[in-house]
Amino acid sequence: RAARWRKRRPFPRSAAAVKEGAMATVLDDGYVPPFQSKYFSADMMSKYEPLAEAVARVEKSDGADEGAFAELEAHWGKFMDFSWCSQWDGKKYDIVFYGVSGYTGYLMMEYLKRSALQRRREDFTFAFAGRSAAKVAEMRDREFAGTQWADTPILTASFDDVVSIIDMVKSAHVIVNCAGPYMLTEGEVLIDACIWCKTDYVDISMEIPWTLRIKELHRYALEAGVMVVPSCAGTAYSDLGVMMLAKKLRDDYGEETRSAACYCSGGGSAAGTSGGVLRTRAALAQADRSAEQARADPFSLGGFIPEFDRNGFKVVDVQAGTGIVTARPREEDRDATMTKVTEDRKLGVWRAPYVHSFFDTRVVRRSNMLHADLGGRPYGAALNFTEHALLPPEQAAIARREAASGEPARPMGQYGMTLDEEEALVKNTGREFKEGQGPPIADMSSTWSAFYLYAESPSGNQVRCSFVGSDGYFETARVAIETARTLRFDRQQLPYPGGVLTPSTAGSTCLLERLVESGVKFKMGSWHERGETAPPSIP
């Protein structure tokens, strides 16, 4: 019987193992998932004294005391299902929104009551959660007072209290984590707890350092059959667009995708800059050198494609003093290709740097890798993807002059102006908000965002598509909530069982259908004309 118990994993091999917290699953590369590191710790084990005492009795009797084993079995079951410490009431919600006491919570609640809860594709249950139940309740009461959702349940959870995280995760089929900046939190503890409890996870991050941290959980999530989907934000349309163009090339021509590009545009009144965005920008600017180096790698999230021919790799780096040779990224994949004002002569448009291009391109490259690894069918074995701001005709002449003069190109934001111009405008008009605050939905009625995508096969076949959405803040809430609903209700139709995925590899066409149903404009075969860029109405 002792041998049978000791084969079960994870299981304390001895009293010393209990004291050392040596019960967490250790993956082949030595990586210990963060939730397990916290839960299977000496501190946590010491809090459940009956288990530690039972282990000591078994060890003292050298496995001969059957009574001690029976006691150990009972306590071990309680430790593994958390019943010794859990306060979970047994209720399970379709979606739990965590970290919703601030501006992102406001956006989520606004989208729920204006859109998701009005379209009865399916009824779903939900709850709100945060570190401070009082603050979450204040936001809920402000948003839902007088509605049928006024008493939406509120849960309390904190990364500092692993038991509270367990209870929240057990209460949900899908967690939507809104607590950012993510790179400044221990959010990976929440993700690992989701994997352990078989709960899917969504967040709205656009932070490469954060995604680099959590991608370590990919294999663990895949084996558990749990979807972990970061970056479900307002720019996910570039990722979804490449998915649709690659599908079109394969369906119509039987070819893979050699190159793709996304041109981003927008307009309307600049609603403002939220305090959360400002804090995230500050956190990214203060990243340490190692994080900065990792972020600078165009393939930091995966999908590396070397330049090679029949003689091997064509471009390599040789490490001084060691002779270690590594393949170098192709020139066409380098970030520098997206930092200049240039003309795309094939499409007849002028393009400029775009504020989110370094992040979005890495997400698409990860999607290409995931399709190869999980489905054996990448968009293209030699895929090149770039993203730019699309310059409107009235700005093209200025751009041409600046390009000719050699002046540094200024990145464009979502409002059809440079970030410098946008920052000056929001400051001068008092629309730069404090942390936890942001522009109200009422100020977004005229704001639109558009994504124009183009792809080409190796033989030259070309396809196009485009999206038109509302303000980027509102689109972030839309993408996050519709992704969560997709994972909850369309699971049997999705292509992959789990892993640290991207919006397109997780939600596939099911997610796109929900986004279009919610009001997003999508056009396949051509691009929306300038006169078609009126934003979807916000109810």
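Questions and answers on the sheet, the helices and the salt bridges follow.

This is a predicted model, in which local features need pLDDT of at least 70, side-chain atom pairs count only at pLDDT 80 or more, and totals for chains, interfaces and linings use all residues. Residues are numbered from 1 along each chain as its sequence is written, and side-chain values use heavy atoms, with hydrogens and water left out.

Q: Which strands stand at the edges of the open sheet?
A: Seven strands form the sheet in the order β3-β2-β1-β4-β5-β6-β17, with parallel pairing. Strands are DSSP E runs of at least two residues, and helices are H or I runs of at least four, numbered from the N terminus; two strands pair if DSSP finds at least two bridges between them. Two strands have a single partner each, so one side of each is left without a neighbour in the sheet: β3 (154-156) and β17 (499-500).

Q: Is α13 roughly parallel or roughly perpendicular to α20?
A: Helix α13 (residues 237-253) packs on helix α20 (residues 503-517) at about 90°, with axes 10 Å apart. Axes are lines fitted to C-alpha atoms, for helices over the stretch in contact, and angles run from 0 to 180 degrees between N-to-C directions. Angles under 35 degrees count as roughly parallel, over 145 as roughly antiparallel, 65 to 115 as roughly perpendicular and the rest as oblique. So α13 is roughly perpendicular to α20.

Q: How far apart in sequence are Arg119 and Glu482?
A: Arg119 and Glu482 form a salt bridge, with the closest N and O atoms 2.5 Å apart; the term means a side-chain nitrogen of Lys or Arg within 4 Å of a carboxyl oxygen of Asp or Glu. Arg119 lies in the loop between α7 (103-116) and β2 (126-130), and Glu482 in helix α19 (residues 472-489), so the pair ties together parts separated by 363 residues.

Q: Is Glu482 buried or exposed?
A: Buried means under 20% relative accessible area, exposed over 50%, partly exposed in between (1.4 Å probe, protein chains only). Glu482 has 0% relative accessibility, so Glu482 is buried.

Q: How many salt bridges does a search of the whole structure find?
A: One of them joins Glu71 and Arg57 at 2.3 Å, N to O. Another joins Glu456 and Lys346. The search finds 32.
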